[in-house]
2 protein chains.
Amino acid sequence: MRISELAGASGLPIATIKFYLREGLLQPGLATSATQATYDDGHLRRLRVIRALTGPVGLSVQQARTILGLIDDPGDDLYQTLGSAVSALPPAVEAASVDNPDPYPRARAALEALGQVYDPGFAAVAQLEAALTAAEDAGMPLSEPRLLEYGRQLRELAEFDLEQMPSEPHAAVEYTVLGTALYEPVLLALRRLAHQDVAAERTLGADRG
Amino acid sequence: MRISELAGASGLPIATIKFYLREGLLQPGLATSATQATYDDGHLRRLRVIRALTGPVGLSVQQARTILGLIDDPGDDLYQTLGSAVSALPPAVEAASVDNPDPYPRARAALEALGQVYDPGFAAVAQLEAALTAAEDAGMPLSEPRLLEYGRQLRELAEFDLEQMPSEPHAAVEYTVLGTALYEPVLLALRRLAHQDVAAERTLGADRG
């Protein structure tokens, strides 16, 4: 298809598509003349990914480029690449001081209690530390029973998510990035709605079959 | 304790405490003279809540006041008050047009599939609709098996959360607001870490006993 048709199919203005081409986020089309190129479904699919990363996920063009680079070139160590890709997603975390031998004590203790991998280079460790500190400061530290319950449920969800992961490396990175970022707001909304549902059952004694 | 001692115990500057007093977020101390007042642990506890709402939770002073008002005066219908308090938390959602008879079709269908309460006045319904739309636009619509799996796990977590809810109404509202807002980042970080742990097990075949 021509760029005008790609614009129509994607719902994006031609100027935006040209911007993504110039920025190297979108792969060039197949040149059919000195001034024309043709595009295919791969371009359309890529535009959807770019739009998700720079829209709902909230990345800058530079941050999106980092993640698209990992999708395009997953390398030989898929486990490391998946970790880097997820670490490039929001929320941004401050790097720990190199002088601090144990910068994430709460997260480390939590992961030890759960018997899970502890890798301080993975950004979610710093995120967990910040989240646990905020809860503690508010006088609501995460209790051990709550940690174990949350950890158990989320690991079951993670098993489910990983079972659905495509085996082809490029697709696996894309799935992991989008599935992490786009399903997080779904999970949070579903959690609030589950609270509401349980509260309705308890406080109203609603019989909903 | 005097205001200087309250500042020391809370770690907040006196000027900040005076600002919260003027704005009506913090209840006045007990006057001991024309220019002095005395404060107790209730003030200290309240300062922690104010700091959490305006810090990690990210509310404006005006938004925090709305929630503190619901904690102070939960009224007779605790179920409604809990819903209003959670709806006042981020993320902000746009109100649906009054002309639209079915503004949240994806969220409605999801809640019907889960057999849960559907109340379009609860902000999490609009949040779910936005999150499902974003996933769909990115070419990763939430599949029915995933919805049912996520919904089942989150409802189990919600049962756990509600079991820990204090029965006293003021404390129940505070617990619900802070537990919703402060444990969400914990859940998201734990989810990413669970993915990492499952991926490590699968791709590295790590034997972690």
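**Note on the predicted model, chains A and B**

1. Chain A exposes about 9,700 Å², of which carbon and sulfur atoms supply 54%; accessible areas come from the Shrake-Rupley method with a 1.4 Å probe, and for residues only the protein chains shown count as cover. This is a predicted model, in which local features need pLDDT of at least 70 and side-chain atom pairs count only at pLDDT 80 or more, while totals for chains, interfaces and linings use all residues. Residues are numbered from 1 along each chain as its sequence is written, chains are lettered from A and ligands numbered from 1 in the order in which they are written, and side-chain values use heavy atoms, with hydrogens and water left out.

2. On overall dimensions, the radius of gyration of chain A is 21 Å, whereas a compact globule of 209 residues would have a value near 17 Å; the radius is taken over C-alpha atoms, and the globule rule is 2.2 Å times the number of residues to the power 0.38. The C-alpha trace of chain A spans about 65 × 55 × 30 Å along its principal axes.

3. Of the 209 residues in chain A, 46% are buried, where buried means under 20% relative accessible area, exposed means over 50%, and partly exposed lies in between (1.4 Å probe, protein chains only). Among contacts in chain A with a separation of 6 or more, 53% come from residues 24 or more positions apart, a contact being heavy atoms within 4.5 Å.

4. The secondary structure of chain A consists of nine helices and two strands, and its elements run α-α-β-β-α-α-α-α-α-α-α from the N terminus on. Helices (H or I, at least four residues) and strands (E, at least two) are DSSP runs, numbered from the N terminus.

5. Helix α9 (residues 169-204) of chain A holds Leu188(A), which is buried because its relative accessible area is 17%. Leaving aside residues up to four places away in sequence, Leu188(A) touches Glu184(B) and Leu188(B). Gln196(A) is also found in helix α9 of chain A, and at 7% relative accessibility Gln196(A) counts as buried.

6. The view from chain B involves helix α5 (residues 78-87), in which Tyr79(B), Thr81(B), Leu82(B), Gly83(B), Ala85(B) and Val86(B) are buried. These buried residues of α5(B) pack against α9 of chain A, together with α4 (61-72) and α9 (169-204) of chain B.

7. Leu68(B) lies in helix α4 of chain B and, at 2% relative accessibility, counts as buried. Beyond residues up to four places away in sequence, Leu68(B) touches Leu25(B), Arg46(B), Val49(B), Ile50(B) and Leu53(B).

8. Helix α8 (residues 144-163) of chain B contains Glu156(B), which is partly exposed, with a relative accessible area of 32%. Not counting residues up to four places away in sequence, Glu156(B) touches Glu149(A), Arg152(A) and Gln153(A).

9. Most peptide bonds are trans. A cis peptide bond joins Pro90(A) and Pro91(A), with omega about -5°, and Pro91(A) sits in the loop between α5 (78-87) and α6 (105-114) of chain A. In chain B a cis peptide bond joins Pro90(B) and Pro91(B), with omega about 0°, and the place of Pro91(B) is in the loop between α5 and α6 (105-114) of that chain.
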